[in-house]
Amino acid sequence: MERDQFLGRVRAALRGTRLPETIGPDPAPPISFGDPVARYVVAAGEAGAEIVQVEGPEAARGEIVRIAADEAFGRSGQAGFVAWDGLDAIVPGLYDDVAEAGWERIEASVGTESRLDDHQRVANASLGITGADVAIAATGSVVLGHGSGRPRAASLLVEHHIVLLPIDRIVASLQEALEITDWSMASNWVAITGPSRTGDIESILTLGVHGPRTLSIVLIR
Amino acid sequence: MTTFRSRIQEAFAEGVPISIDLGARGRSERRAAAAAAFPQMEAMRDRARVIRAGTIANLDDYLDAFADAAQRSGSTVFFAADAAEARNYIVDLARREQVTRAVKVKSMVTEEIGLNAALAAAGVETVETDLGEFIVQLAGETPAHFVAPAIHMDRYQIAELFVDKLGVGYTDDPVELTGIARRHLRPRFLTAEMGISGVNFGVADDGSIALVTNEGNGLLCTTVPRIHVAVMGMERLVPTRSDLAVMLEVLARSASGQGLTSYTSIVNGPRRPGEPDGPDQLHLVIVDNGRSATLGSTVAEILYCIRCGACLNVCPVYRHLGGHPYGSVYAGPVGAVITPSLYGLEEWHDLPATSSLCGACAEVCPVRIDIPSLLVELRRQSVDRSPPSISAGVRLFAALTTRPRLYRFVTRALGWLGRLWSRDGWMRRMPLVLGSWTRDRDLPSPAAETFNDWWRRSRGA
């Protein structure tokens, strides 16, 4: 159906109703915390994420290498990782150190023509390392904007997802996160709260359905 | 067509699985805990209702703005007047693009329009990827709940189903069963040409859509395949991003007791030049299919619904029946309003009639829809259209109650007859039309004294 025709039907229907007219000016109730970082740590933990708090980039590098080495331990082959570009600006030397821990970086770009093959290749990665644009204290979420140099696969197709989170990215609420984010920057955003989960079988909580089984957040003070 | 009564009797004859009551109860307890732990919950619900009401009252303008904005960000927008138009558009697209396999995110509106069958008829293998929906699809059934489609099956049934349909070894461990589904579905994600999702909310001022899943399948379906088709009921809009935040706050808590659903995606068009991954095309299919008729009706408020399923979880009728006897993809208290308003009261008048009007649904509704009043309104309409025998009965009752002397005489006489008819204090089988009442339940024997007589006597004392 043409848009005009479709909207015409809606308009005609609205003429016959007695619904209230507009959205009132009252804002949504505000959400704030005395210590947003402390709240974030608790909420992310409750959501099932593993939180590691470190002081400065050096310590962050050490933790990431430790996590990567633990994850690589006992793994036969397939020690590939995908990562966002530019993370070495937060933690210098990051990519080399992870490579030294036994991981091979996999190029995550997917071509239009070679799409199937590229996805097969990317799906071999079992470790993903990303940053986060903003994090939400109320729920323990990380918000990721995907775009150039920031493949979605890094937080999605892997078994273990590591997020580098500088402490100043934490805001109180989802409302605040959505308001300060420049949405025009990317076509796809995701707020991730804990690892992938389901309760579809007898409401029993099971982690790691289609997305990562483990979500590690390295909180850098 | 079968009646609600016959479907209920059939369900009772087979035995309604206890997992429905347990699952619904567990979900309502988690919702209550999440609401109690969130001091802003009640104010947030007030705000959510205001947002939904204002959006629906100006839906024409918001739809217009939404479509413009979505097109600007590179999406293709199609307006579907009914289910057939929506199906045909998607099937034609699949043919044109030579799609052989589609992966799907669980969505009520795609169930409503019967998309899977249409794609199957066109030779497109369509795979449900939400674990519960995948189980239901393997079993050849329809979802029994908005949010927990396989709520009616226990782990042992699912284990047998996987052995039977997937050829795996028997395990009834939920973690292992989930692992089996993950391994079965992963290659299908990677080879599907089309990903199909619903839309939790469309944001009118920038044309983006929000999609929530706990499993991560939503993000997979909208990332890996080269075409993303998002199907949206036309009422699922909010004006701005701030409004979206409010809706997401109440949706997650009401649906599953979480502060936020594990993966809350906001999609704003297909992938752009320079982006490493994502779909090359995004098609938005906006569906009316009876909604504009609902909008013009006295139950327009039902369009505020955000499909969280909270009212199903607390409903005594739903807990005893599950979703299937409702006979439509929309079950439970909201379903009893949505189904007749979309598909006609004539055929579905028995859904609103089957409710105790206890009001538990209205208490938990995140957008405070007054569901009991809407049920009563639909009952009123169906009585207006009901056969003369019923309206004659109502007229007789009215004639009786407006004539006090006659009323006293008749109630005394009926009481006497009733006691005569009783055995051990109960009337087990009533004659004639009254028999339909005692078919399912016994009636206590009438008191020895009518209320009127008792009142006169005791007031005097």
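Biologist: Which elements of chain A make a β-α-β unit, and why is it called right-handed?

Modeller: Strand 2, helix 4 (residues 94-100) and strand 3 of chain A make it. With the strands pointing away from the viewer, a right-handed crossover runs clockwise from the first strand over the helix to the second. The unit in chain A is right-handed. Helices (H or I, at least four residues) and strands (E, at least two) are DSSP runs, numbered from the N terminus.

Biologist: What should I know about the model?

Modeller: The model is predicted: local features need pLDDT of at least 70, side-chain atom pairs count only at pLDDT 80 or more, and totals for chains, interfaces and linings use all residues. Residues are numbered from 1 along each chain as its sequence is written, while chains are lettered from A and ligands numbered from 1 in the order in which they are written.

Biologist: How do you know that strand 2 and strand 3 of chain A pair?

Modeller: Two strands pair if DSSP finds at least two bridges between them. Strand 2 (residues 80-83) and strand 3 (residues 104-105) of chain A have 2 bridges, in the parallel sense. In strand 3, A:E104 is the bridge partner of A:G80.

Biologist: What joins strand 2 of chain A to strand 4 of chain A?

Modeller: 4 bridges do, and the two strands run parallel. Strand 4 covers residues 125-130. Its residue A:I129 stands opposite A:A83.

Biologist: Why is strand 7 of chain A called largely enclosed?

Modeller: A residue is buried if 20 or more other C-beta atoms lie within 10 Å of its own, exposed if 12 or fewer, and partly exposed in between, with C-beta atoms placed from the backbone. In strand 7 (residues 160-166) of chain A, 6 of the 7 residues are buried, so the rest of the structure largely encloses this strand.

Biologist: Which strands run parallel to strand 7 of chain A?

Modeller: Strand 4 of chain A does, with 4 bridges. There, A:G128 has A:H161 as its bridge partner. Strand 12 (residues 214-220) of chain A also runs parallel to strand 7, joined by 7 bridges. One bridge pairs A:L164 with A:V218.

Biologist: Turning to chain B, what makes strand 1 and strand 3 edge strands of the sheet?

Modeller: The open sheet has 6 strands in the order 1-10-7-4-2-3, with parallel pairing. Strand 1 (76-80) and strand 3 (125-128) of chain B each pair on one side only. Neighbouring strands of this sheet are turned by 20° on average, direction ignored. Axes are lines fitted to C-alpha atoms, for helices over the stretch in contact, and angles run from 0 to 180 degrees between N-to-C directions. Strand 1 and strand 10 (residues 281-287) of chain B share 5 bridges, and B:T76 stands opposite B:H283.

Biologist: Why is helix 8 of chain B called largely enclosed?

Modeller: Helix 8 (residues 131-138) of chain B has 7 of its 8 residues buried, so it is largely enclosed by the rest of the structure. The buried residues include B:L131, B:F134 and B:I135. They pack against strand 10 (197-198) of chain A, and against strand 3, helix 9 (155-166) and helix 10 of chain B. Just after helix 8, B:G140 takes a positive phi of about 70°.

Biologist: What makes B:M247 stand out in the largest nonpolar core?

Modeller: A nonpolar core is a set of buried Ala, Val, Leu, Ile, Met, Phe, Trp, Tyr and Cys residues joined through C-beta atoms within 7 Å. The largest has 195 residues, and B:M247 and B:V285 touch the most other members. Helix 12 (residues 241-256) of chain B gives the most to this core, 9 residues. Beyond four places in sequence, B:M247 has contacts (C-beta atoms, placed from the backbone, within 7 Å) that include B:A48, B:F201 and B:I306.

Biologist: How do you know that domain 1 and domain 2 of chain B touch?

Modeller: The domain bounds come from an automatic or database domain assignment. It gives domain 1 (1-37 + 296-386), domain 2 (38-289) and domain 3 (388-460). The contact takes 29 residues from domain 1 of chain B and 33 residues from domain 2 of chain B. On the domain 1 side, helix 2 (18-36) of chain B is among the contributors. Helix 2 supplies the largest share of that side, 9 residues.

Key. Contact = placed C-beta atoms within 7 Å.
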